[in-house]
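Reader: I would like to learn how to read a protein structure slowly, one feature at a time. Could you take me through this one?

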Amino acid sequence: MKTIKSLCLGAAISLGMAASAYAAPTTYYGVDLNTGSVVPAGGNAQTARNSFLGSLSNVSNEDFSSFAVGTATPLSLSFTGSSGTLSATMSSTGGSVIVTNADPVGQFSTSPSQHLDAGFGSTLNIDFSATPIAAFGFYGTDISDSGGDLVVTLVNTNGTSFTYNVIQNNSVNNNNVLFWGFIDSGANYTSVSIRNTSSSDRFGFDDMVIGDTQQIVNRVPEPTSFALIGLGLLGLGAARRRKA
């Protein structure tokens with residue numbers, strides 16, 4: 001009986017640990033300064049993106065090269081999912097967001113020659129409600145060099161939101177590049193918003209990647225799996241008591 005109690009306690013602890021592991025997504029972040037309008041090879045941003053991509057399989061990348069220069073949001077995007085197409089609708093509030101190949105004040109295309117220019121005071125909103133996702137990442141350029149914070153907010157299918165101050169007020173300089181992303185094998189997400197809190201700053205957005213749960217490499221077992229293990233151990237204990 002003592003051994004069985006220990007096993008059940010261990011299962012309960014494992015279940016508790018699993019629940020805590022799903023409290024928030026795993027995030028990826030790296031930033032480089034003085035880039036010369038290129039993503040530095042082996043730099044912080046590229047290293048963060050490679051780590052992010054290394055945790056996913058068979059995902060696709062949106063570099064905005066298929067859109068005509070000057071196209072404004074809303075944009076309808078399609079990505080490769082594990083069993084079909086993942087869709088996203090990009091809109092903006094508070095300012096214009098257009099496809100461009102220009103480098104007016106430090107923003108630049110990370111690949112190959114076009115990106116989104118999120119104009120002064122704009123918030124980029126990305127909706128995944130048609131096909132909720134479990135992973136999201138992007139390159140951003142020339143962010144927060146004129147003040148303000150870059151704030152990313154995620155909302156999952158349970159209505160839980162997570163907000164991240166990715167870059168804080170004037171903490172980096174002109175022509176910077178960053179990568180930011182998240183992966184969560186325990187929840188699906190319906191929206192992401194990216195907001196610069198300064199009305200006098202703008203930023204570039206490029207190389208967006210999304211993925212679903214089945215595209216996550218080496219996923220942790222779902223919490224229900226731990227629960228089933230616990231129930232199995234409890235059943236084993238009951239069977240041993242009947243034998244006794």
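**Reading the fold**

Author: Let us begin with contacts, where contact means heavy atoms within 4.5 Å. In this protein, residues 24 or more positions apart account for 78% of the contacts with a separation of 6 or more. Please keep in mind that this is a predicted model, in which local features need pLDDT of at least 70 and side-chain atom pairs count only at pLDDT 80 or more, while totals for chains, interfaces and linings use all residues. Residues are numbered from 1 along each chain as its sequence is written, and side-chain values use heavy atoms, with hydrogens and water left out.

Reader: How many helices and strands does the protein have?

Author: Helices (H or I, at least four residues) and strands (E, at least two) are DSSP runs, numbered from the N terminus. By that reading, the protein has three helices and 13 strands.

Reader: In what order do the strands of the open sheet lie?

Author: The general idea is that two strands pair if DSSP finds at least two bridges between them. Here six strands form an open sheet in the order 3-4-7-12-9-10, and the pairing is antiparallel. At the edges are strand 3 (75-80) and strand 10 (161-167), each of which pairs on one side only. Neighbouring strands of this sheet are turned by 20° against each other on average, direction ignored, where the axes are lines fitted to C-alpha atoms (for helices over the stretch in contact) and angles run from 0 to 180 degrees between N-to-C directions.

Reader: Which residues stand opposite each other in this sheet?

Author: Five bridges join strand 4 (residues 85-93) to strand 7 (residues 123-127), and across this pairing Thr 89 stands opposite Asp 127. Strand 7 also pairs with strand 12 (residues 189-196) in the antiparallel sense over five bridges, with Thr 123 having Arg 195 as its bridge partner. Strand 9 (residues 150-156) is joined to strand 10 by six bridges, and there Thr 153 stands opposite Thr 163.

Reader: Is strand 11 buried or exposed?

Author: A residue is called buried under 20% relative accessible area, exposed over 50%, and partly exposed in between (1.4 Å probe, protein chains only). Buried residues make up 46% of the 244 residues in the protein. In strand 11 (residues 177-183), seven of the seven residues are buried, so this strand is largely enclosed by the rest of the structure. In a regular strand the side chains alternate between the two faces of the sheet. Both faces of strand 11 are covered, with Val 177, Phe 179, Gly 181 and Ile 183 buried on one side and Leu 178, Trp 180 and Phe 182 buried on the other.

Reader: Which strands pair with strand 11?

Author: Strand 1 (residues 26-32) runs antiparallel to strand 11 and is joined to it by seven bridges, with Tyr 28 opposite Gly 181. Strand 8 pairs with strand 11 in the antiparallel sense, also over seven bridges, and Phe 136 has Phe 182 as its bridge partner.

Reader: How many aromatic pairs are there, counting the whole structure?

Author: Rings of Phe, Tyr and Trp (its six-membered ring) pair if their centres lie within 6.5 Å, and planes under 30 degrees apart count as stacked, over 60 as edge-to-face and the rest as tilted. A search of the whole structure finds 13 aromatic pairs. In one of them, the rings of Phe 138 and Phe 205 have their centres 5.1 Å apart and their planes at 20°, so the pair is stacked. This pair links distant parts of the chain, with Phe 138 in strand 8 (residues 135-141) and Phe 205 in strand 13 (residues 203-211), 67 residues apart. Phe 138 is buried at a relative accessible area of 0%, and Phe 205 also counts as buried at 0%. The rings of Trp 180 and Phe 182 have centres 6.4 Å apart and planes at 50°, so that pair is tilted. Ring pairs link a cluster whose members include Phe 136, Phe 138, Trp 180, Phe 182 and Phe 205.

Reader: What does Asn 156 touch?

Author: Asn 156 is in strand 9 and is buried, with a relative accessible area of 6%. Not counting residues up to four places away in sequence, Asn 156 touches Phe 162, Ala 187, Asn 188, Tyr 189 and Thr 190.
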